[in-house]
Amino acid sequence: MLQSLYKCQRNLCTKIRKSSLFVQSVSTSCGSNTSTDESKLVINLCHRRSHGLSEETLISEAKLLQLDTHTCSKVSAVPEFFQNHGFSATQVKKIIRLRPKLLASGVDETLKPKLQFLQSIGFSEDECRKIICRNPNILLCSIRKLLTPSFNSLKTFMGSKVKAMAAIKRSPQILNMKISHSLKQTIQVLHQIGIPDSQVSEFIFKSPVILTINPQKMSEVGLRLKEMGFDVTSTAFRTAFAAMSILRHSKLERKLETYRSIGFSDVEILNIFRSQPTCMFYSEENIRAIVAFYVDRLHFSPSHLSQRPAFLLCSVERRLIPRCSVMQVLWSRGIISEVGKLSSILMTMEKDFLPKYVTKYEAKVPELLAAYRGELKFKEYSFHLHEIRQISMSRGSSSKTKVA
């Protein structure tokens, strides 16, 4: 079984496929006389020191890689390095899953200098961790040939170091791009699709991820959005442009099919996209969860939601449940007899909602704070059903009058 693995570890990087890295055995053909049992001990030591990376995780995430004892020691040092710099076990797993090649990287030669580079730019330790988790490829780039020139080009274009850092935090993948070349191509495309020269810099600053997109695809997306009726100077166009440029066609189709499957017509989906293109960034699971809450709990129709797409941007756990729970408590206790328009309540800014509906009554209603924290959850929000009945009765009366 091990015979096929007894090959010299000469071209390590060429043996690592894009998908993952597989620690299966220890090579003993490079002058190492390590026995099979000793090899297993080394690998087990690696797993024990890998801070949350179990043997099953490494195996499931990987392809065949021959390791001698020295390389296996390096493997254990990589997750240990991340752990020592404040990365959680979950973050370490994510980094290795995204870029398994890092397992064979030298800590002092490869990883540490990149972390120090990010800190030298001005990023805090927490910001460095977030950037690396979102784009581990930074750790494999040359500081002299790529990272430094890219940051300098970005800083010059953005007009300040602060703006350049903000752009990197939004889209960490731009740091390991040849920024000067990407900027030239992107600016050319934006001009072609009609973005005013005065808005180009702000356009890229707000959506820096477009620097990573193929120019031809950007051009096609821009033309399609203009055909759909988007104003190229609007915020909605910029968001839609980024969404359609980033998403693969197959992924975009899956999201559209998700909206169709839960009751939206193509016209309604288009209306949602034109008004709130951010909705296309959500996963299919999130789309279903948000719509299900409105339809099943609040008895909104998909048609009603399509006319108020901003509702779809609300978090179920952080906004919808807490606010509806607060209103349910107040209504059921008789504190308020008329709730008012739910749309206004859900869309009110936090700084206005809290004093008006929570702070004002929390002394009188002890459980109100628990409701606001999302600790009290109701299967049905009867305060809104009462509102719907009133609206329904009103519409019924109007209809009869018109018929008569």
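Modeller: Contact means heavy atoms within 4.5 Å. The structure discussed here is a predicted model.

Biologist: Among contacts between residues at least 6 apart in sequence, what percentage join residues at least 24 apart?

Modeller: The protein chain has 404 residues, and its secondary structure comes to 21 helices and two strands. For contacts in this chain between residues at least 6 apart in sequence, the share that joins residues at least 24 apart is 72%.

Biologist: Which residues does Phe82 touch, not counting residues up to four places away in sequence?

Modeller: Phe82 lies in helix H3 (residues 69-84). Its relative accessibility is 0%, so Phe82 counts as buried. Ile95 is 13 residues from Phe82 in sequence, and their C-alpha atoms are 9.6 Å apart. With residues up to four places away left out, Phe82 touches Phe87, Val92, Ile95, Leu111 and Leu139.

Biologist: What covers the buried residues of H6?

Modeller: Helix H6 spans residues 125-134, and its buried residues are Cys128, Arg129, Ile131, Ile132 and Cys133. Cys133 has 6% relative accessibility and therefore counts as buried. The cover over the buried residues of H6 includes helix H4 (89-98), H5 and H8.

Biologist: How many disulfides are there?

Modeller: A disulfide is a covalent bond between the sulfur atoms of two cysteines. The rule applied requires a pair of cysteine sulfur atoms within 2.5 Å. Cys141, at 11% relative accessibility, counts as buried. By the rule, the count of disulfides is zero.

Biologist: Which residue caps the N-terminal end of H7?

Modeller: Helix H7 covers residues 143-158, with Leu146, Leu147, Ser150, Phe151, Leu154 and Met158 as its buried residues. Their cover includes helix H5 (107-121), helix H8 (161-170), helix H9 (179-192) and H10. Just after H7, Gly159 takes a positive phi of about 95°. At the N-terminal end, a side-chain oxygen lies 3.4 Å from the backbone nitrogen of Arg144, and the capping residue is Ser142.

Biologist: How many residues apart are Phe203 and Phe241, the pair that links distant parts of the chain?

Modeller: The whole structure holds 13 aromatic pairs. Phe203 and Phe241 form one that is edge-to-face, with 5.6 Å from centre to centre and 75° between the planes. Phe203 belongs to helix H10 (residues 197-206) and Phe241 to helix H12 (residues 235-246), a separation of 38 residues.

Biologist: Are Phe203 and Phe241 buried or exposed?

Modeller: Phe203 has 4% relative accessibility, and Phe241 has 0%. Buried means under 20%, so both residues count as buried.

Biologist: Is the pair of Tyr259 and Phe264 stacked or edge-to-face?

Modeller: Both Tyr259 and Phe264 are buried. Their ring centres lie 5.7 Å apart with the planes at 75°; planes over 60 degrees apart meet the cut-off, so the pair is edge-to-face.

Biologist: Which ring lies under the charged end of Arg323?

Modeller: Lys163 lies over the face of Phe205, at 5.1 Å from the ring centre. The charged end of Arg323 is placed 4.5 Å from the centre of a ring, and that ring belongs to Phe353.

Conventions. Residues are numbered from 1 along each chain as its sequence is written. This is a predicted model: local features need pLDDT of at least 70, side-chain atom pairs count only at pLDDT 80 or more; totals for chains, interfaces and linings use all residues. Side-chain values use heavy atoms; hydrogens and water are left out. Rings of Phe, Tyr and Trp (its six-membered ring) pair if their centres lie within 6.5 Å; planes under 30 degrees apart count as stacked, over 60 as edge-to-face and the rest as tilted. Helices (H or I, at least four residues) and strands (E, at least two) are DSSP runs, numbered from the N terminus. Buried means under 20% relative accessible area, exposed over 50%, partly exposed in between (1.4 Å probe, protein chains only). A charge sits over a ring if NZ of Lys or CZ of Arg is within 6 Å of the ring centre and within 35 degrees of the ring normal. A polar contact is a pair of N or O atoms within 3.5 Å; within protein, one must be able to donate a hydrogen and the other to accept it, and residues adjacent in sequence count only if both atoms are side-chain atoms.
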